[in-house]
Amino acid sequence: MANAGARSAVIGRISRASGINLLLLCRERETDVGAVRARLRGSMLAAKTLVTIGGQVGLLWAIFGVSNVVVTRLHLRVPGNIVGMLLLLALLSIGVVQERWVAAAAGVLTKHLAFFFIPIAVGLMDCGGLLWPVGHRLLLAIVVSSVAGMVVSGGLIQLFGPRGRWEMR
Amino acid sequence: MHDGAVTAFVIAVTVVAYAASRELFLRTQVTLLNPVCVSTITIILVLLACGIRGDQYQPGRELMTLLLGPATVALAVPLYRHRRLLVTYWTSITLGVVCGSVAAIATAVLFARWASLDRMLVLAVAPKSAMTPIAIDIARILGTNMSITAVLVVCTGMVGAMVGPRVLTALRISNPIARGVAIGTTSHATGTAAILHEGETQGAMSAVAMALTAIFTAFVGPFLIPWLVVLGE
């Protein structure tokens, strides 16, 4: 009995091994075609992603454009981009715009948001002379004001805010 | 050099400087090596070395900032994702953002005036706690220099990220919601990145507070700031 069991176990192991080998062989043969196909699929996907992001940026741009028109027409003293942000927030909240319609473009743009500040900050080369002599006073103003804002904001919440259950939902 | 070539060159320099400084910051995680700060200094030095004037940078700047508007609008998406947090803690968040923003704007204007800074600089420093795209648009509305405001906003973020958590700890402000909102209200994205190391609650609170501070400052700043400036005179 034990002998027969051992033999069947050996046979099973061999057949399993050859099966795996066969599988590997098949996979190896497929690699050429499979790799080409995968690469093709990859580039198609990349192109598709690019088109998707382009379209989503277009949608964001349209929202920005509409808000700018609203701000100029109504002569509001409010930045157009913040009106656009609130408009998009409202559209997302009432479900007119689905999150996935703008998610890809929003991800890329907010990830690299800092890039857009660099060309603006480079404008400093035309007015840097104005800044150098008073730099330390400006820095001090920033420090004083930041600490004041933090203390007021954090202190008020520490005193009157929620207690005990701080974990996020 | 031809105008188009200059534009292509400055765009290339800007993109390379951004990519390199971003990589440097991600590897080192040192707040002082802020990508905007490092790239701006590098680009200005390169432009000066190549004899390119500020006005020659202008066409490139217009091209590169073309997407800033849509990018700012896109900030609604992270705010929308945190909407539950916003609904749950709206009283605390509103209290912190409104009072903190007013305190930050008022102290900035009053201190800058007391330090007898130029009126243009007083207006430029006032919206510094809002994030850059909003702050520069407020600067445009106030009729002051947008580049100076952009640089001051970046400095504010760095200051907040470096001293903020320590100041809060020294004052025994331990509630994670209070810490998050305090940092988000005063030092926007740079502070948010720093407080995120403390915990997810602080980071999310900071992100929400940052967006609400931008909204609040955008609506109140163009009226409050000139009023405060006149008040001191």
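Tutor: Before we start, a polar contact here is a pair of N or O atoms within 3.5 Å; within protein, one must be able to donate a hydrogen and the other to accept it, and residues adjacent in sequence count only if both atoms are side-chain atoms. Keep in mind that this is a predicted model.

Student: OK, how many residue pairs are in polar contact between chain A and chain B?

Tutor: Both residues of a pair have to be at pLDDT 80 or more to be counted.

Student: Which helix gives the largest share of the side of chain A that touches chain B?

Tutor: Chain A has six helices and zero strands. Helices 1 to 6 of chain A each supply at least two residues of the side that touches chain B. The largest share, 22 residues, comes from helix 6 of chain A.

Student: By class, how many charged residues does that side of chain A have?

Tutor: Sort the side of chain A that touches chain B by class, and you get 50 nonpolar and 15 polar residues. The charged residues there number eight.

Student: What area do chain A and chain B bury between them?

Tutor: The contact draws 73 residues from chain A and 101 residues from chain B. Of the area buried between the two chains, 80% is on carbon and sulfur atoms. The total comes to about 7,800 Å².

Student: Which three residues supply more than any other three of the area that chain A buries against chain B?

Tutor: Look for the trio that gives 10% of what chain A buries against chain B. Those residues are Arg77(A), Met85(A) and Met150(A).

Student: Why is helix 4 of chain A largely enclosed by the rest of the structure?

Tutor: Buried means under 20% relative accessible area. Helix 4 of chain A is largely enclosed because its buried residues number nine of the 10.

Student: Which residues of chain A is Thr65(B) in contact with, leaving aside its neighbours within four places in sequence?

Tutor: Thr65(B) sits in the loop between helix 3 and helix 4 of chain B. A polar atom of its side chain lies 2.7 Å from the backbone oxygen of Arg61(B). With sequence neighbours within four places set aside, Thr65(B) is in contact with Phe116(A), Pro119(A) and Ile120(A).

Student: Which cysteine sulfur is nearest to that of Cys37(B)?

Tutor: A search over all chains finds zero disulfides. Cys37(B) is in no disulfide, since a disulfide needs two cysteine sulfur atoms within 2.5 Å. The nearest cysteine sulfur is 5.7 Å away and belongs to Cys155(B).

Student: Last one: is Glu200(B) buried or exposed?

Tutor: Glu200(B) lies in helix 12 of chain B. Over 50% relative accessible area is the cut-off for exposed. At 62%, Glu200(B) is therefore exposed.

Terms used. Residues are numbered from 1 along each chain as its sequence is written. Chains are lettered from A and ligands numbered from 1 in the order in which they are written. This is a predicted model: local features need pLDDT of at least 70, side-chain atom pairs count only at pLDDT 80 or more; totals for chains, interfaces and linings use all residues. Side-chain values use heavy atoms; hydrogens and water are left out. Contact means heavy atoms within 4.5 Å. Buried area is the accessible area (1.4 Å probe) that two parts lose on being put together, summed over both. Helices (H or I, at least four residues) and strands (E, at least two) are DSSP runs, numbered from the N terminus. Ala, Val, Leu, Ile, Met, Phe, Trp, Tyr, Cys and Pro count as nonpolar, Asp, Glu, Lys and Arg as charged, and the others, Gly among them, as polar. Buried means under 20% relative accessible area, exposed over 50%, partly exposed in between (1.4 Å probe, protein chains only).
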